[in-house]
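Opening the notebook on a new model.

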Amino acid sequence: MIVKRSDLSWLERLYLPTLWSGLKVTFRHFFNTLFRGKVVTMEYPEQKWVVPTGYRGAPYLVKDQEGRTKCVSCQLCEFVCPPKAIKITPPGPKPNAAVGNVEKTPQEFEINMLRCIFCGFCQEVCPEEAIFLMSDYSLTGTSRKEMVYNKAKLLSLGGVHNDPIMKWKQKQKEAQQQEAFKPL
Ligand code: SF4
Ligand code: SF4
């Protein structure tokens, strides 16, 4: 479909009104900074912007208060991620003795931060509350490879998320009860 552009009027062709409205904004900020002390810029990166509550920055993985990786490798986040920034390597059939084989944990979990658009779909879809968008907005690296964050890095950046439900404990208790059960 071809959209025809409307012809500019002689005033629009002068471009002066448009230039003037842009300059008005510049002069307003100039005046406010000089005489009213209203600074609208900051000396980044020496000065950092303090993000408001609820800001959605980079997504990181979290552990619970017992140091367990909350992610159970269900791969829902990998499926919903619009730019396909998440790559999960499932644990495979081998049981993980370190976590009592109660749940699966991913063998590897990577997020390509060059692709991530901080949309928050991964956080929304996660059934385990294992991935959260944190307040980091300025991610830098010297190579593309460096911008692919692996599981260890995502977990160290995500830190501990206090989990009041403690699903692991309940599951472990149930498993122990089953083992101890002796039919009459
Ligand atoms: S925030 Fe969005 S783009 Fe980034 S990893 Fe999560 S789902 Fe993908
Ligand atoms: S982060 Fe959540 S949604 Fe993604 S694989 Fe782990 S448990 Fe599933």
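Predicted model: local features only at pLDDT ≥ 70, side-chain atom pairs only at ≥ 80, totals over all residues.

First, my cut-offs for cover: I call a residue buried under 20% relative accessible area, exposed over 50% and partly exposed in between, using a 1.4 Å probe and protein chains only. I take helices (H or I, at least four residues) and strands (E, at least two) as DSSP runs, numbered from the N terminus.

Residues are numbered from 1 along each chain as its sequence is written, chains are lettered from A and ligands numbered from 1 in the order in which they are written, and side-chain values use heavy atoms, with hydrogens and water left out.

**Sheet**

I started with strand E2, residues 86–89. Its covered face carries Ile86 and Ile88, while Lys87 and Thr89 sit on the uncovered one.

Next I looked up the partners, counting two strands as paired if DSSP finds at least two bridges between them. E2 runs antiparallel to strand E3 (residues 108–112), with four bridges. Lysine 87 has glutamate 110 of E3 as its bridge partner. E3 also pairs with E5, again in the antiparallel sense, over two bridges.

Which order do the three strands take in the open sheet? I read E2-E3-E5, with antiparallel pairing. E2 and E5 (148–149) are at the edges with a single partner strand each, so one side of each has no neighbour in the sheet.

**Ligands**

I listed as near a ligand any residue with a heavy atom within 4 Å of it. For ligand 1 the list includes Cys81, Cys116, Cys119 and Cys122, along with Pro59, Pro82, Pro83 and Phe118.

For the class count, I put Ala, Val, Leu, Ile, Met, Phe, Trp, Tyr, Cys and Pro under nonpolar, Asp, Glu, Lys and Arg under charged, and the others, Gly among them, under polar. Ligand 1's shell comes out as eleven nonpolar, one polar and no charged residues.

Ligand 2 has 13 residues around it, the closest being Cys71, Cys74, Gln75, Cys77 and Cys126. By class I get ten nonpolar, two polar and one charged.

**Salt bridges**

My criterion was a side-chain nitrogen of Lys or Arg within 4 Å of a carboxyl oxygen of Asp or Glu. How many did the search of the whole structure find? It found two.

One joins lysine 70 and aspartate 163 at 3.5 Å, N to O. This pair links distant parts of the chain, 93 residues apart: lysine 70 is in the loop between E1 and helix H3 (76–80), aspartate 163 in the loop between helix H5 (151–158) and helix H6 (167–180). I noted lysine 70 as buried at 5% relative accessibility, and aspartate 163 as buried at 10%.

The other joins glutamate 66 and arginine 68 at 3.9 Å, N to O. Here glutamate 66 is partly exposed at 39%, whereas arginine 68 is buried at 13%.

For reference, most residues other than glycine have a negative phi, and most peptide bonds are trans. I flagged serine 73, not a glycine, for a positive phi of about 60°. Serine 73 lies in the loop between E1 and H3 and is buried, at 2%.

Phenylalanine 118 went on the list as well, with a positive phi of about 55°. I found phenylalanine 118 in the loop between E3 and helix H4 (121–125), buried at 19%.

I also marked a cis peptide bond from tyrosine 44 to proline 45, omega near 10°. Proline 45 belongs to the loop between H2 and E1.

**Loop positions**

Valine 50 is in the loop between H2 and strand E1 (59–61). Buried or exposed, I asked of valine 50? Exposed, at 71%.

Last, I checked a distance: tyrosine 137 and valine 51 are 86 residues apart in sequence, with 8.9 Å between their C-alpha atoms. Tyrosine 137 sits in the loop between strand E4 (131–133) and E5, partly exposed at 27%.
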